[in-house]
Structure formats: C-alpha cells, structure tokens
Amino acid sequence: MRSLIQRVTSASVQVENKIISEIGSGLVVLLGITHNDSANDSNYLINKILNLRIFGDDNSDNFELSLLDTNKDILIISQFTLYADTKKGRRPSFIESAKSDVAKKIYDEFISLIKTQTEINVKTGIFGAKMLVNINNDGPVTISMDSR
C-alpha cells in the first residue's frame with residue numbers, strides 16, 4: 001500500500017462539477033492499493049499517518065505536532081496511479097494496482113479503520129469516480145509512504 005501525504009491549508013473534491021468533500025487545514029492522503037495489501041498494511045499506514053509529526057506549533061513551523069495532536073482534518077482519496085510502472089515505453093502500466101473490486105474493499109476498510117481510531121474529521125473522495133481534487137499544499141510539504 002502506498003500513500004502520498006500532503007499538508008494542506010484546505011482541499012476539496014469535485015465530481016461532475018459538484019463539491020462532494022472538503023476540508024480545512026490538515027492532510028490529504030492519496031492512497032494506492034496493490035494486489036497483496038491487507039489489514040496489516042492499512043494499520044501500519046494509519047498509525048504512521050495519524051502520528052506523523054508534520055505540523056508546527058504556535059511558536060514555529062518546525063515539524064513538532066501530529067494530526068492527532070492538532071485535531072486537524074484528513075481527506076483520503078483512492079489513487080491507483082501511485083502504482084504506475086513507467087520503466088517501459090511511454091504509457092504507464094498499472095498492472096501492480098489492485099483490481100477495482102479488491103481495491104474498493106481495502107479502501108473502504110482503510111476508511112473504517114481510521115474512523116474507529118480517531119475522532120478527527122475524516123472525508124473521502126468517491127472510489128472509482130473521475131474527480132477533480134483541489135489541494136492547497138502548505139509548505140509545500142509532500143511525503144510518500146509505503147507499507148512494505
């Protein structure tokens with residue numbers, strides 16, 4: 001399981017020209033799922049994401065506080081393209097991305113697990129939909145994580 005985490009001042013998701021989710025200050029997590037991902041991968045990444053010291057305190061922009069410390073928002077979006085293979089040719093291959101039915105089940109479980117482990121505001125995109133994601137990256141801060 002792969003994630004690309006961005007610290008944001010705000011973010012939103014549009015589907016068919018309609019905003020379906022939006023957050024204020026917090027994190028956007030783009031989540032990629034591969035064939036053999038499991039609850040262990042979800043738990044590992046959730047723990048890392050929730051406790052990642054990526055926010056500054058009142059006195060500095062140093063990376064001192066986590067999402068849990070600050071009670072900021074999180075927006076989680078499925079992103080199969082995180083498993084793009086670009087080694088051959090000019091068109092990316094997505095054979096390492098899990099099939100849609102498998103990925104949706106794991107994505108839904110990931111969302112459920114994160115909601116049970118925290119009381120922060122958790123928002124999502126729509127799995128499999130064509131989305132327009134508006135991300136106001138703060139910093140910019142972008143961190144990639146892999147459960148392997």
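Figure 1. Asn71 is exposed because its relative accessible area is 53%, where exposed means over 50% relative accessible area, buried under 20% and partly exposed in between (1.4 Å probe, protein chains only). This residue is placed in the loop between H2 and S4; helices (H or I, at least four residues) and strands (E, at least two) are DSSP runs, numbered from the N terminus. The model is a predicted one, in which local features need pLDDT of at least 70 and side-chain atom pairs count only at pLDDT 80 or more, while totals for chains, interfaces and linings use all residues. Residues are numbered from 1 along each chain as its sequence is written, and side-chain values use heavy atoms, with hydrogens and water left out. Phi of Asn71 is near 60°, a positive value in a residue other than glycine. Glu16, in the loop between S1 and strand S2 (18-23), also has a positive phi, near 50°. Its relative accessible area is 76%, so Glu16 is exposed. Most residues other than glycine have a negative phi, and most peptide bonds are trans.

Figure 2. Pro140 is found in strand S6, which covers residues 132-146.

Figure 3. Arg7 belongs to strand S1, residues 2-15. It counts as buried because its relative accessibility is 8%. A polar atom of the Arg7 side chain lies 2.9 Å from the backbone oxygen of Ile54; a polar contact is a pair of N or O atoms within 3.5 Å, where within protein one must be able to donate a hydrogen and the other to accept it, and residues adjacent in sequence count only if both atoms are side-chain atoms. Beyond residues up to four places away in sequence, Arg7 touches several others, including Gly26, Ile54, Phe63, Asp138 and Gly139. Contact here means heavy atoms within 4.5 Å.

Figure 4. Which residue lies 123 places from Ala11 in sequence and 5.3 Å from it in space, C-alpha to C-alpha? That residue is Asn134. Apart from neighbours within four places in sequence, the contacts of Ala11 are Ser21, Glu22, Ile23, Val28, Leu75, Asn134 and Ile135.

Figure 5. Ser66 sits in the loop between helix H1 (39-51) and helix H2 (67-70). Is Ser66 buried or exposed? With a relative accessible area of 3%, Ser66 is buried. A polar atom of its side chain lies 3.2 Å from the backbone nitrogen of Leu68. When neighbours within four places in sequence are left aside, Ser66 is in contact with Leu50, Asn51, Leu52, Arg53 and Phe55.

**Figure 6. The aromatic pairs.** A pair of aromatic rings is described by the distance of the centres and the angle of the planes. The whole structure contains two such pairs, where rings of Phe, Tyr and Trp (its six-membered ring) pair if their centres lie within 6.5 Å, and planes under 30 degrees apart count as stacked, over 60 as edge-to-face and the rest as tilted. The ring centres of Phe80 and Phe94 are 5.0 Å apart and the planes stand at 70°, so this pair is edge-to-face. Both Phe80 and Phe94 lie in the loop between S4 and H3, 14 residues apart. Phe94 is partly exposed because its relative accessibility is 30%. For Tyr107 and Phe127, the centres are 5.7 Å apart and the planes are at 45°, so the pair is tilted. Tyr107 is in helix H3 and Phe127 in the loop between strand S5 (122-124) and strand S6, so the pair ties together parts 20 residues apart in sequence. Tyr107 counts as buried because its relative accessibility is 3%, whereas Phe127 is partly exposed, at 21%.

**Figure 7. The largest pocket and its lining.** The largest pocket holds about 330 Å³ of space. Ser78, Gln79, Phe80, Gly128 and Met131 are the closest to its centre among the 18 lining residues. On a 1 Å grid over the protein atoms alone, a pocket is an open set of points where a 1.4 Å probe fits, with protein on both sides within 12 Å along at least five of seven lines, and lining residues have an atom within 4 Å of a point. Strand S3 (26-32), strand S4 (73-78) and helix H3 (100-117) each give two or more residues to the lining.

Technical notes:
Points joined across faces, edges and corners; volume = space filled by probe spheres on them.
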